[in-house]
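Work through the exercises below with the model in view. Try each task before reading its solution.

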Amino acid sequence: MRKNSFFLVYLLLTVVQMLICNYFNLSPYVMLSILPVMVLCIPLRVPTWVTMVIAFATGFVVDLLSEGILGLNVLALVPVAFVRKEVIRLIFGGELFARKEDFAVRKNGFGMVLMAIILVQALFLAIYVWADGAGTRPLSFQAIRFGASLVAGVLVSLLVIGILAPDTRK
């Protein structure tokens with residue numbers, strides 16, 4: 001995907017995330033977020049600090065226009081941007097960096113892409129659920145919310161990764 005079209009799709013998916021936050025509240029136990037996978041799919045040529053700025057801006061816009069708690073998505077999304085390249089290096093190896101290419105499901109395998117999605121979703125949700133509860137919710141509620149949100153978020157993220165990380169092979 002070309003650079004300009006990637007960021008256009010990224011902006012459109014940010015609007016989709018705002019719609020999810022505003023209109024798809026399934027239950028207090030499930031929080032759907034596609035933001036971690038969106039940050040994971042930012043091209044590898046983008047430096048980490050720029051990725052963190054993009055994550056901050058994305059989280060801020062989502063917080064401002066939909067969530068109501070300013071800074072919650074920012075707090076959870078910036079660490080995902082910080083560890084993104086290390087997660088990719090851990091799961092996919094250093095070959096992607098050596099070849100200067102981005103990952104795709106067909107090229108790197110469904111299992112490895114699924115593991116990367118689970119890792120970034122888990123990091124995001126661990127911070128989000130902890131900060132959102134802020135000592136006011138029991139640990140059992142937070143654990144159930146984390147687990148249910150992780151399953152739901154991974155399933156929705158599998159759809160998003162097909163859009164943001166398409167297979168470039170012909």
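This is a predicted model: local features need pLDDT of at least 70, side-chain atom pairs count only at pLDDT 80 or more; totals for chains, interfaces and linings use all residues.

Residues are numbered from 1 along each chain as its sequence is written, and side-chain values use heavy atoms, leaving out hydrogens and water.

**Exercise 1. Describe helix H7 and its packing.**

Step 1. Helices are DSSP runs of H or I with at least four residues, numbered from the N terminus. H7 covers residues 110-133, 24 residues in total.

Step 2. Check the span. The expected value is 1.5 Å times one less than the number of residues. H7 reaches 33 Å from its first C-alpha to its last, close to the expected 34 Å.

Step 3. List buried residues (under 20% relative accessible area, 1.4 Å probe, protein chains only). Among them are Val113, Ile117, Val120, Phe124 and Tyr128.

Step 4. Find their partners, with contact meaning heavy atoms within 4.5 Å. The buried residues of H7 pack against H2, H3, H4, H6 and H8.

Step 5. Look past the end. Ala134 follows H7, with a positive phi near 45°.

**Exercise 2. Is Asn25 buried or exposed?**

Step 1. Locate Asn25: the loop between H1 and H2.

Step 2. Its relative accessible area is 61%. Exposed means over 50%, so Asn25 is exposed.

Terms used
Helices (H or I, at least four residues) and strands (E, at least two) are DSSP runs, numbered from the N terminus.
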